[in-house]
Amino acid sequence: MITRQRLAAGVCALLAALAAGIAFPGGAVADETEQAAPKVELVLDVSGSMRARDIDGGSRMAAAKQAFNEVLDATPQEVRLGIRTLGANYRGNDRKEGCKDTAQLYPVGPLNRTDAKTAVATLQPTGWTPIGPALLKAADDLNGGTGTRRIVLISDGEDTCQPLDPCQVAREIAAKGIGLTIDTLGLVPDAKTRDQLSCIADATGGTYTDVRHKEELSDRVGQLVDRAADPVVTPVATEGAAQCAQAPTLKSGLFTDREEFGQQRWYKVDVDPGKELRASVSVADDRAVNPDYGVLLRAVTVHGREIVRGEAAGDGRTDVISTGLRYPKPESDDDTATAETVCLQVTNSFSAAAGVKTTPGLPLELTVDVVDGPSGHHDVASFGLGRGWWLLGALVLAGFVVGLLWGWLSRWRVSVWRTN
């Protein structure tokens, strides 16, 4: 009887717990998900200069609207997206009033694509270009939470509200340590606009991109929004050396550094027998550079002998160039064998465009991973052929036998012909 009562009580408690779960469906979990949701705010310049018709035969404003509509259709569901404008409302000549002209067109949150598109459709090129005030407001819009936070600023001109320097505003945002990145895009920019937008992006570790076509604008904004949805990995700042002997020793992880134009940086990684080193590097041209450039990643011994290399070339179409390499360290029969120190050399062939500052260096991102190597000698490359060595051997043997048979048959046919 007592056992039955305890069993009944346990069942009742279980039902009560399930009912509570149904009545309050994971409130705490929902809060955590909301906190971790990536947030992006698109900040669009709607000043009078956006009327210019120099992007594929249409106005800059029309190109921006088309890009926004395409991006809104493709925005990942988990991204909380908002839209802020600058220079969209005040039509007068009072500079003081014009420099207050920034407003949130669509709040940062779950995206209703129809509402967002309707809001974008109402925009008309109007007033001033208060980039600094807009960035301050946008940072407030994205405040709170632990997920990725990104501002994407699209403008066709430099700020008209000095002395509030937008570069200084970006530095102040970065100094707060809130993990907010500002990416900038210049629509058919002149040199001054390019310099200012590059400075804003540099201050927060973002990227700057020149845009002269509608397709470029849509693609680039879409890439940046998608990037916000990627899992957050905090890179570790490091400083490469001019020589391998003085280079820092890195473990598996993601690292950032700065590399001057045409410079080489060295890093070291210890690779145990039976392990495989996988390394990749990306160098971003975060300012105007000359076309035709490349990046080289080499793995060499401490004595300078090259083990393997990876290289890539670019022609100005992208703002990041990447390459990678793999090096399997074979197992050793010697129980006393120690790890091999592999030196990684990163070299770039970027050159700055005329009048562009070369300092600080270009942003460099290095990924290092030391994993279990190939399981057994049959997996290790044999003369560079790996498992294909056995197939090649069989083909060679078959070809030899076929050749002998064909030669014998040909001689027999000639002999018969002569006899006849």
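Biologist: How many disulfides does a search of the whole structure find?

Modeller: This is a predicted model, in which local features need pLDDT of at least 70, side-chain atom pairs count only at pLDDT 80 or more, and totals for chains, interfaces and linings use all residues. Residues are numbered from 1 along each chain as its sequence is written, while side-chain values use heavy atoms, with hydrogens and water left out. With a disulfide taken as a pair of cysteine sulfur atoms within 2.5 Å, the search of the whole structure finds three.

Biologist: Is the disulfide of Cys99 and Cys161 left-handed or right-handed?

Modeller: The sulfur atoms of Cys99 and Cys161 lie 2.0 Å apart, and the two residues link distant parts of the chain, 62 residues apart. Both Cys99 and Cys161 are buried, meaning under 20% relative accessible area, where exposed is over 50% and partly exposed is in between (1.4 Å probe, protein chains only). The torsion about their S-S bond is about -100 degrees, so this disulfide is left-handed.

Biologist: How many residues apart in sequence are the parts tied together by Cys167 and Cys199?

Modeller: These two cysteines, both buried, form a disulfide with their sulfur atoms 2.4 Å apart. Helices (H or I, at least four residues) and strands (E, at least two) are DSSP runs numbered from the N terminus. Cys167 lies in helix 7 and Cys199 in helix 8 (residues 191–204), so the separation of the tied parts is 32 residues.

Biologist: In which strand does Cys343, the partner of Cys244, lie?

Modeller: Cys244 and Cys343 are disulfide-bonded, with 1.8 Å between their sulfur atoms, and the link is left-handed at -65 degrees about the S-S bond. It joins distant parts of the chain, 99 residues apart, with Cys244 in the loop between strand 7 (236–237) and strand 8 (253–259), and Cys343 in strand 14.
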